[in-house]
Amino acid sequence: MGKIGQGILGGVSGTVGNAIGGSWKGIDYIRIKPDHHNDANTEKQIQHRAKFSAVVALAKSIKTKIIKPVWDQLAVKMSGYNLFVKENIKAFDVDGAVSDYSLLTFSNGNVSLPGDVPLQMMRR
């Protein structure tokens, strides 16, 4: 059952028919359940999935040492994990390997890396 708070223009949570309302990181949203799912298997989509899988594997391996202390501070209206993936996917090629190490970003802005990051993570 759906709930509407603060009038019709306020936050909505729950499901009414095929409309779903909720809030994430302070952002109220309403979305519609899709009628069907079309799994695009074009060559371009397959290549993007390989890049995405590779950057997600990297993000998972450094989540507690780098993403939590650094990227969570930088993220606005998204998680630090999502921001890391968004900023670093461009460094990977269609085979899922790092194609350009200069595009990899482990810190951004005035936020420095934590002191306990292993040296091998810093090497390129």
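The secondary structure comes to four helices and four strands. I took helices (H or I, at least four residues) and strands (E, at least two) as DSSP runs, numbered from the N terminus.

I note that this is a predicted model: local features need pLDDT of at least 70, side-chain atom pairs count only at pLDDT 80 or more, and totals for chains, interfaces and linings use all residues. Residues are numbered from 1 along each chain as its sequence is written, and side-chain values use heavy atoms, with hydrogens and water left out.

**Whole chain.** I looked up burial. Of the 124 residues in the protein chain, 24% are buried. Buried means under 20% relative accessible area, exposed over 50%, and partly exposed in between (1.4 Å probe, protein chains only). I then checked contacts, meaning heavy atoms within 4.5 Å. Among those between residues at least 6 apart in sequence, 39% join residues at least 24 apart.

**Strands β3 and β4.** I looked at β3 (residues 19–24) and β4 (residues 27–32). They run antiparallel and are joined by six bridges. Strands pair if DSSP finds at least two bridges between them. A19 stands opposite I32 in β4. The two strands form a hairpin with two residues between them. In the turn, K25 has a positive phi of about 50°.

**Helices α1 and α3.** I next took α1 (residues 43–61) and α3 (residues 80–88). Their axes come within 10 Å and cross at roughly 135°. That makes α1 oblique to α3. Axes are lines fitted to C-alpha atoms, for helices over the stretch in contact, and angles run from 0 to 180 degrees between N-to-C directions. Under 35 degrees counts as roughly parallel, over 145 as roughly antiparallel, 65 to 115 as roughly perpendicular, and the rest as oblique.

Which residues make the contact? From α1 I listed F52, V55, V56, L58, A59 and K60. From α3 I listed Y81, F84, V85 and N88. They divide into eight nonpolar, one polar and one charged. Ala, Val, Leu, Ile, Met, Phe, Trp, Tyr, Cys and Pro count as nonpolar, Asp, Glu, Lys and Arg as charged, and the others, Gly among them, as polar.

**N88.** Leaving out residues up to four places away in sequence, N88 touches V55, W71, L103, L104 and T105.

**P69.** I found P69 in helix α2 (residues 63–74). P69 is partly exposed, at 30% relative accessible area. The C-alpha atoms of P69 and G80 are separated by 9.1 Å.
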